[in-house]
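Please open the model in a viewer and keep the selection panel at hand.

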Amino acid sequence: MAKKKTTLFECQHCGFTTPKWMGKCTNCGGWDSFVELNEQQQEIVKLTTSPSSITKATEITKIQEETIQRYSTDDMELDMVLGGGVVPGSLVLIGGSPGVGKSTLLLKIGANLALQNRNVLYVSGEESQGQIKLRANRLGATVDNLYLLAEIRLEQVLSELHERAYECIIIDSIQTLYSETIASAPGSVTQVRQITFDLMRIAKERRIAIFIIGHITKEGSIAGPRVLEHMVDVVLYFEGDSSQELRILRGFKNRFGATSEIGVFEMRCEGLVSAKNLSSRFFNRAKSQSGSALTVVMEGSRPIVLEVQALVSDTHAPNPKRQATGFDTNRLNMLLALLERKLEIPLNSYDVFVNITGGIKITETSADLAILAAIISSFRNRAISKETVFIGEVSLVGDIREVYSLDQRLKEAHSQQITKALIPKKPLEKTAIKCYEIDEVNKLLEWF
Ligand SMILES: [Zn+2]
């Protein structure tokens with residue numbers, strides 16, 4: 001009996017596969033993004049999505065503990081977000097929008113590692129060697145042991161590995177690299193998949209740390225880095241775009257450490273570097289204005305004082321606008337509903353905009369109270385003193401809930417010359433900062 005031919009369709013935006021053609025991808029929502037895979041492409045999907053080897057269960061007491069050894073990149077913020085440094089044999093994806101500074105950062109990191117007497121290979125499919133050299137001069141990255149290769153063929157990159165013992169490879173970018181053995185276009189899902197798989201194998205076999213740069217475009221015309229997220233060890237994404245002064249690198253996956261840390265970088269003339277004086281970079285203490293309130297959020301192990309801004313303005317549209325940058329819009333809607341209900345502020349005839357300064361995205365709920373304070377401040381046109389912070393989670397019924405690491409947050413606020421804090425419950429220990437308890441949302445009005 002003849003073997004029945006299997007068909008497989010793959011979304012060219014996210015790499016989702018299905019035996020049946022679909023008009024709209026159920027995984028990423030992309031329209032008309034499926035193409036039928038040929039046999040070779042199907043093999044690649046099978047190879048890169050199934051576990052590589054069969055292992056048997058072992059009694060936990062018999063298993064040797066893995067000790068992870070790392071080395072520093074000599075860049076404080078990158079070390080932080082990597083979980084303490086580079087792990088030999090790890091595959092790290094660094095994604096972000098074009099122009100955010102991925103290439104300059106990694107070229108500098110390459111130079112840092114080369115200065116530690118490690119052989120580093122920088123592979124660029126985007127620029128010529130001369131162009132990279134020019135950039136390296138500007139960055140102060142023209143050092144021994146750093147090798148440049150302007151190449152887009154994977155096979156050529158692999159043969160370069162016979163030349164010397166490399167400890168680190170930087171691929172700029174995954175979308176420009178292609179394998180001659182695969183009949184798909186460079187940047188296609190099939191290419192990206194197979195190349196990442198090959199790189200993973202090399203990383204593990206030769207204990208080489210490999211950094212992969214992946215561009216994220218809104219159009220989705222080239223395969224996004226999401227296709228390879230599940231294959232790599234570490235996934236880091238830049239938040240925001242090139243218009244922001246501070247660039248936040250956030251961890252989304254880390255097989256060797258926590259993903260809660262962020263790295264904060266700033267663009268200077270010599271390229272993207274670790275941001276200095278981090279603690280005072282996310283707020284402007286100069287003058288008190290209406291619509292602005294301070295809070296302290298935890299980013300991994302670090303407390304950061306942030307400024308929350310709100311603008312409440314008359315609307316003539318039937319549906320008032322609610323927009324948030326750096327804060328979850330659904331949560332904003334919930335807080336606005338609460339203000340209407342509990343404080344009887346008629347926000348349904350106003351547009352409300354919320355912005356978190358410094359390009360940071362708030363991922364925890366401790367900023368709720370500050371968001372409410374900023375909105376009320378804008379609505380009533382009354383400024384809040386820059387010597388006060390608001391820390392607390394707001395519940396659906398209007399209670400103010402406690403947050404974790406309160407002591408650490410208050411300490412940080414104090415170090416930034418903040419003298420007052422509105423918090424859900426006073427800490428047991430004495431604090432250098434004056435604390436005021438606030439347990440319900442309607443008590444917030446007393447402060448205006
Ligand atoms: Zn998709």
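A donor, in the sense used at the first stop, is an N, O or S atom within 2.8 Å of the metal. The model shown is predicted.

**Stop 1: the zinc site.** Select the zinc ion together with Cys11, Cys14, Cys25 and Cys28, whose SG atoms coordinate the metal at 2.3 Å. Along the sequence, these donor residues follow the spacing C-x2-C-x10-C-x2-C. Cys14 belongs to the loop between strand E1 (9-11) and strand E2 (17-18), and Cys25 to the loop between E2 and strand E3 (34-36), so this pair ties together parts that are 11 residues apart in sequence. Both Cys14 and Cys25 are buried.

Which arrangement do the 4 donor atoms around the zinc ion form? The angles they subtend run from 108 to 112°, and the arrangement is therefore tetrahedral. For reference, the ideal angle for four tetrahedral donors is 109.5 degrees.

**Stop 2: charges over rings.** Select Arg164 and Tyr147: Arg164 lies over the face of Tyr147, at 3.8 Å from the ring centre. Then select Arg409 and Tyr404, where Arg409 lies over the ring face of Tyr404 at 4.9 Å from the ring centre.

**Stop 3: an aromatic pair.** The structure holds 5 aromatic pairs. For one of them, display the rings of Tyr350 and Phe379: the centres are 5.3 Å apart and the planes stand at 80°, so the pair is edge-to-face. Tyr350 is found in strand E16 (residues 350-356) and Phe379 in helix H8 (residues 368-380), so the contact ties together parts that are 29 residues apart in sequence. Is Phe379 buried, partly exposed or exposed? Its relative accessibility is 27%, so Phe379 counts as partly exposed.

**Stop 4: the largest nonpolar core.** This core has 48 residues; select Phe282, Leu339, Ile371, Ile375, Phe390 and Leu444, the members that touch the most other members. At least two residues each come from strand E10 (246-254), strand E11 (262-268), strand E13 (292-299), strand E14 (302-314), helix H7 (329-343), E16 and H8. The element that gives the most is H8, with 8 residues. Colouring by domain shows that domain 2 (71-276) and domain 3 (282-447) each supply at least three residues of this core.

**Stop 5: Lys287.** Finally, select Lys287, in the loop between strand E12 (271-274) and E13. Lys287 counts as exposed because its relative accessibility is 53%.

Notes
Residues numbered from 1 in each chain as written. Predicted model: local features only at pLDDT ≥ 70, side-chain atom pairs only at ≥ 80, totals over all residues. Heavy atoms only, no water. Donors = N, O, S within 2.8 Å, 3.2 Å for Na, K, Ca; no water. Tetrahedral: all angles 85-135°; square planar, octahedral: opposite > 155°, others 65-115°. Helix = DSSP H or I, 4+ residues; strand = E, 2+ residues; numbered from the N terminus. Buried < 20%, exposed > 50% of the residue type's maximum accessible area, 1.4 Å probe, protein only. Phe/Tyr/Trp six-rings, centres within 6.5 Å; stacked < 30°, edge-to-face > 60°. Lys NZ or Arg CZ within 6 Å of the ring centre and 35° of its normal. Core = buried A, V, L, I, M, F, W, Y, C linked by side-chain atoms within 4.5 Å. Domains from an automatic or database assignment.
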